[in-house]
Amino acid sequence: MKAIAIVDGEHYPDVVRAALHELPYEFVGVMLIGGTEKLRGEPDYGVPMVEEPGDAEIVVDLSDEPVLTPELRLALASRFLALGLPYVGADFRFDPPTFHPFELPSLAVIGTGKRVGKTAVTGHVARLLARARSVVIVAVGRGGPAEPALISIPPTVDDLVALSRAGRHAASDHLETAAFAGVPTVGCRRAGGGMAGAPFASNVLEGARLAASLEPDVVVFDGSGAAIPPIATSARILVAHDRSGLNAYRALISDLVLIPGRDFTLRLRPLEPLRGRVAVFTTGPAPIDQLEADVVHVSRNLARRELLAEELATVRADTYLVELKAAAIDIVAEHALARGAHVVLADNDVVAPGLDEQILELVPQGVRS
């Protein structure tokens, strides 16, 4: 297997040459990334020094601290993973995730972690494209169905409560997307997620086939946390809260990178009018100043079940406004309904001047309008 080696000037060149000879690769070049302590003039590694991997099939890291810190090493690994090359070292190996071909125009919305605004962006993208095209969403979650499930009609609170009482996770991403996006949604699930975003197990390929069978103009794939749908989509949008780990890889394989707070904000929007005293439940900071309501309680503990249960014992409200996440249905909705209160679902609208034009530029040519 043809390889290039990552080397530094903290190693004597003859030590590197010996390692290149011993390792089970056909080295076609070395990339000198820094350090000069043990170099006397131009180093001779027995193979050419290169700046790009060329026709190499793998990248072998023979560098170390202090030239390559863990952060710099992961950034370098991201660069080569984005080129489709495995990156290996003495006690680690990163392989680029596999993306399977998909025959229809498609976009993926992926994230660098949980609750960064990714699902809200997915809904925004779907609604925007659906103005002139037929759109289907494939939503992936850690609580999704065992078999891909098509949801053609947005679920109501009663529908979600029934699912919860049947033992289902009634606030899974695909249900949230189906409730708010207004387009058919295929629910999928995944387990595990690698540092570069590959899920350990998922039924997304089956979900993609189900979506394709509906013959839409565009399919929008909604990632799960930092996991990336294993589909070779026409374009990707990354919602990024930081560049740590292998998040640089996610940025490199994306066509548009959005940073929450800089490129967009979220605005809570009730799906129904709010009446009486209103209690608001979210998973994190969410402005409520725009709500036309008598807000008597605000909770950010939707994902903290013990704190949420303690908090609910003190709430007295006529309407419970709740994001469709975490314990929204099995705890908050059940609590409200048991007291005769009204439950209203809250979407998160994306506020980002100019974003729509950027999204539309990513829509592949040839999409029927």
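Student: What does a search of the whole structure find in the way of cavities of 30 Å³ or more?

Tutor: The search finds one. This is a predicted model, in which local features need pLDDT of at least 70, side-chain atom pairs count only at pLDDT 80 or more, and totals for chains, interfaces and linings use all residues. Residues are numbered from 1 along each chain as its sequence is written, and side-chain values use heavy atoms, with hydrogens and water left out.

Student: What makes a space a cavity?

Tutor: On a 1 Å grid over the protein atoms alone, a cavity is a set of points where a 1.4 Å probe fits but cannot get out. The largest cavity holds about 40 Å³ of space, where a volume is the space filled by probe spheres set on the points.

Student: Which residues line the largest cavity?

Tutor: Among them are Val-140, Arg-190, Pro-199 and Gly-223. A lining residue has an atom within 4 Å of a point.

Student: Why is Thr-119 called buried?

Tutor: Buried means under 20% relative accessible area, with a 1.4 Å probe and protein chains only. Thr-119 has 12% relative accessibility, so Thr-119 counts as buried. Of the 369 residues in the protein chain, 52% are buried.

Student: Where is Thr-119 found, in a helix or a strand?

Tutor: Thr-119 is in helix H3, residues 118-129. A helix is a DSSP run of H or I with at least four residues, numbered from the N terminus.

Student: Which residues is Thr-119 in contact with, leaving aside its neighbours within four places in sequence?

Tutor: They are Asp-173, Glu-176, Thr-177 and Asp-222. Contact means heavy atoms within 4.5 Å.

Notes. Buried means under 20% relative accessible area, exposed over 50%, partly exposed in between (1.4 Å probe, protein chains only). On a 1 Å grid over the protein atoms alone, a cavity is a set of points where a 1.4 Å probe fits but cannot get out, and a pocket is an open set with protein on both sides within 12 Å along at least five of seven lines; lining residues have an atom within 4 Å of a point. Helices (H or I, at least four residues) and strands (E, at least two) are DSSP runs, numbered from the N terminus.
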